Amino acid sequence: MRPSLARVYRIKSFTLIFQHKPSFVAANHHQRTPIYFSSLSSSCPNLQIRKPQTPLFLRAASYSATLPDLKKWHQWATSLASSVGSTLVDLDNGPDSTLLLRELNWLIQDSFQDHHNSFIPQLPTTEFTRTRVDSQVVKLRVGLDELYRLWRQRVEERRPFQYIVGCEHWRDLVLSVEDGVLVPRPETELIVDLVSNVLLKESNRGLRDGLWADLGTGSGALAIAIGRLLGKHGRVIATDLSPVAVAVATFNVQRYALQDVVDVRQGSWFEPLKDLEGKLGGIISNPPYIPSNHISGLQAEVGRHEPRLALDGGFNGMDDLLHICNGAASFLKPAGFFAFETNGLEQCKFLVDYMDRNIKGSICNVSIVSDFAGIPRFVTGFRQ
Ligand SMILES: C[S@@+](CC[C@H](N)C(=O)[O-])C[C@H]1O[C@@H](n2cnc3c(N)ncnc32)[C@H](O)[C@@H]1O
């Protein structure tokens, strides 16, 4: 198994880290099971859910190409990646050639049916072996023309690699992602550990079988991970305003056979939870928190391609955090837990001060928790 590799997208005061582990990690697990769309639905009866994109590595290998043609593509793709050097790093902390070449290998792994067979054989030396190699075909999950198009999009248009292959590896999950849905970040993984620690405490036993909410679920990453932690009567309601996010989260919930545990609802923050005031055992959220005027300076992969709805937190990035914080005070039941992700120390302090001034009587044990990089990232606490 290859080690996981992280890409760091930096802009001014915040860091966005992307991670892609090769899909063969998933090959040993149940993730490579077939997916059926016919029953795709959410709890919103009027919502037209479009079919999400199937991750590349799960598609049927219904294309083929000859080895010489693939070799030509590989040479072209390698030289395009190599031509980048470190120019994008200097420009906006984008990927360098080394990272792009690594991604090229991952693209090969995801799109070739049998990536263990080297598709770039040594040049044949005799007429006989040359003829054999020239006539050899490789089964692909995507056509050769599409491979050219995808790699051009990655390098020249800066389309995030996760959108190219249609998935992201996050904790022990392989989540489908596509344009219109935020790629889940490694730092958000820690929220699952924070919840896990809370659930392990005997005094919090009631929360294990309780009702949880993941507000702004995106790909459904947090809702799915928390759903897997809960006891047999526990439930998660995952909300998002974006119809694309709702479709992708619903699809991911189905892939992990959690339809009875995770209920995906479309709507703004607490609006789809109207009937649950004072009843939630936990609320988790990674809302948009980037200040509006920072968006244009983001790394192109993020600013140009990821949905603004998932990034823009208003003037100082606090609009949604404050809204969620206020709602948590009324939607959590006594002793209910909350964990919110922020942009860093400044926003953590802002949120804690706000809680102190506005909802002090309703909450307790408020803490600021750092992420794996040591950056203060999360605000956690309990309902009184
Ligand atoms: C930073 S992304 C987080 C996505 C996911 N939870 C994750 O960690 O990968 C924020 C999410 O909030 C959603 N969102 C933005 N405004 C919203 C609103 N008013 N109500 C519900 N969700 C909203 C976005 O569509 C996006 O999916």
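How many other C-beta atoms lie within 10 Å in the case of Asn 93, and is Asn 93 buried or partly exposed? The legends below refer to a predicted model.

**View 1. Asn 93 in the loop between helices H3 and H4.** Asn 93 is partly exposed, because 19 other C-beta atoms lie within 10 Å, whereas a buried residue has 20 or more. The loop that contains Asn 93 is found between helix H3 (87-92) and helix H4 (97-111). Although Asn 93 is not a glycine, its phi is positive, at about 65°. Most residues other than glycine have a negative phi.

**View 2. Trp 269 in the loop between strands S9 and S10.** Strand S9 (262-266) and strand S10 (280-285) are the elements between which this loop lies. Trp 269 is not a glycine, yet it has a positive phi of about 40°. With 20 other C-beta atoms within 10 Å, Trp 269 is therefore buried.

**View 3. Antiparallel pairing of strands S11 and S13.** Strand S11 (residues 332-341) is joined to strand S13 (residues 376-383) by five bridges, and the two strands run antiparallel. Within this view, Phe 338 stands opposite Gly 381 in S13.

**View 4. The hairpin formed by strands S12 and S13.** Strand S12 (residues 363-370) pairs with S13 over six bridges in the antiparallel sense. Ile 363 stands opposite Arg 383 in S13. Five residues separate S12 and S13 in the hairpin, and in the turn Gly 374 has a positive phi of about 85°.

Key: Residues are numbered from 1 along each chain as its sequence is written. This is a predicted model: local features need pLDDT of at least 70, side-chain atom pairs count only at pLDDT 80 or more; totals for chains, interfaces and linings use all residues. Helices (H or I, at least four residues) and strands (E, at least two) are DSSP runs, numbered from the N terminus. A residue is buried if 20 or more other C-beta atoms lie within 10 Å of its own, exposed if 12 or fewer, and partly exposed in between; C-beta atoms are placed from the backbone. Two strands pair if DSSP finds at least two bridges between them.
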